[in-house]
Amino acid sequence: MRYCQPSWQTNPEAGPMSISLFRRRTLQKIRLAMALPLLATLLAAPLSQAQPVAREPEQIRIGFQKSAVNLVVLKQRSTLEQRFKNSKIVWLEFPAGPQLLEALSAGSLDFGLTGDGPPVFAQAANKDLLYVGAEPPKPESSALLVQPASNIKTLADLKGKRIALQKGSSAQFLLVRAVKKAGLAWTDIQPVYLAPADARAAFERGSVDAWAIWDPYYGAAELSFKPRVLSTGSGLSNNNSFYLAARGFVENYPGTILNLLDELTKADRYVQQNRKEVAQLIADVSGLNLATVHLFLSRRPNPSPTTVLAPALVADQQRVADSFKELGLIPRTVKVADIVWHPKSAPLAQQ
């Protein structure tokens, strides 16, 4: 048998080229064999591990009032500081919603809670903010108060009377509804626009005939000097509470907003399960006595989860806006739905 030499031995030019090609192909096969287990591991990993972590803001500036129970609980228990470890949490207290939203629209706040009136006035003034969440209605948490010996016995008796209230607040919508129910015109009464503390002082010294107010100011007055309740919000106003945020903050950090709403609902569960402890927390931060705190907590719905806004709630808020426009209390018609946030992913339950 004749022995045939490989071509790489008889052809000096072909041999080295064949050896090189053989080696390259062999190395490719070895590398592929080594890479397959790693590829399988990556494909089997949870999707969340392959996704980028949502960034957190450097700081979250939160505005609250004494009535913002769930925010106060989060503040006092340092819950948000524990959840948002990469963000500085800044807490700022306000006497009422109009002042809070003014700070928010001026860029001094990122997130806060108000009643139904302030957002309407803010939208009418072209403030760049969004409704991002809401709590259940609290109609029993606001009231029209008169002195015990007052000759004002019915809503119709408000005609010609001086009534103290915070301009642009939920108390203003309560009074608007009360006046309408009595068959009166807005011009039949004399609104006296005062912040809550000043309104109380004016009411106590008799400078005004009635006072439209919300908890905890309402509860504090009720226990302190025993005014007569002419009417609560029941049948007049749902006294809705809304969480609002600066548009830029929402657009940049939608995940942070969803996490805030989640923590607020958890805070509400804590309130329901730990009433005595929560009452003391609120008393410590607000300066209110425990009896007042227990009273206004008893008027909150149980439970009070925080949700994004459903169409029915948007429609209810639109009625607030339409009422203010009809009376000339705001300069233009506003469409509430235009500034309602709709999260694109993982929306919370709607109410």
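**Pocket and sheet in a predicted model**

In this predicted model, the largest pocket is lined by Pro 98, Leu 101, Glu 102, Pro 118, Phe 121, Ala 122, Ala 125, Lys 127, Lys 167 and Gly 168.

Student: Which helices each supply at least two residues of that lining?
Tutor: Look at the numbering. Pro 98, Leu 101 and Glu 102 are in the lining, and helix 6 spans 97-105. Pro 118, Phe 121 and Ala 122 are there too, and helix 7 spans 117-124. The two are helix 6 and helix 7.

Student: How many charged residues does the lining of the largest pocket have?
Tutor: Glu 102, Lys 127 and Lys 167 line the pocket, and Glu and Lys count as charged. Six residues of the lining are nonpolar and one is polar. The charged count is three.

Student: What volume of space lies in the largest pocket?
Tutor: The lining includes Phe 121 and Gly 168. The space in this pocket is about 170 Å³.

Student: Which strands stand at the edges of the open sheet?
Tutor: The five strands run in the order 2-1-3-10-4, with mixed pairing.

Student: In strand 2, which residue is the bridge partner of Arg 61?
Tutor: Strand 1 covers residues 59-64 and pairs with strand 2 in the parallel sense, over six bridges. In strand 2, the partner of Arg 61 is Val 90.

Student: At what angle does helix 7 run to strand 4?
Tutor: Helix 7 lies across strand 3, strand 4 and strand 10. Its angle to strand 4 is about 170°.

Note on methods. Residues numbered from 1 in each chain as written. Predicted model: local features only at pLDDT ≥ 70, side-chain atom pairs only at ≥ 80, totals over all residues. Heavy atoms only, no water. 1 Å grid on protein atoms, 1.4 Å probe; cavity = no way out; pocket = protein on both sides within 12 Å on 5 of 7 lines; lining within 4 Å. Points joined across faces, edges and corners; volume = space filled by probe spheres on them. Helix = DSSP H or I, 4+ residues; strand = E, 2+ residues; numbered from the N terminus. Pairing = 2+ DSSP bridges. Contact = heavy atoms within 4.5 Å. Axes fitted to C-alpha atoms, helices over the stretch in contact; angles between N-to-C directions.
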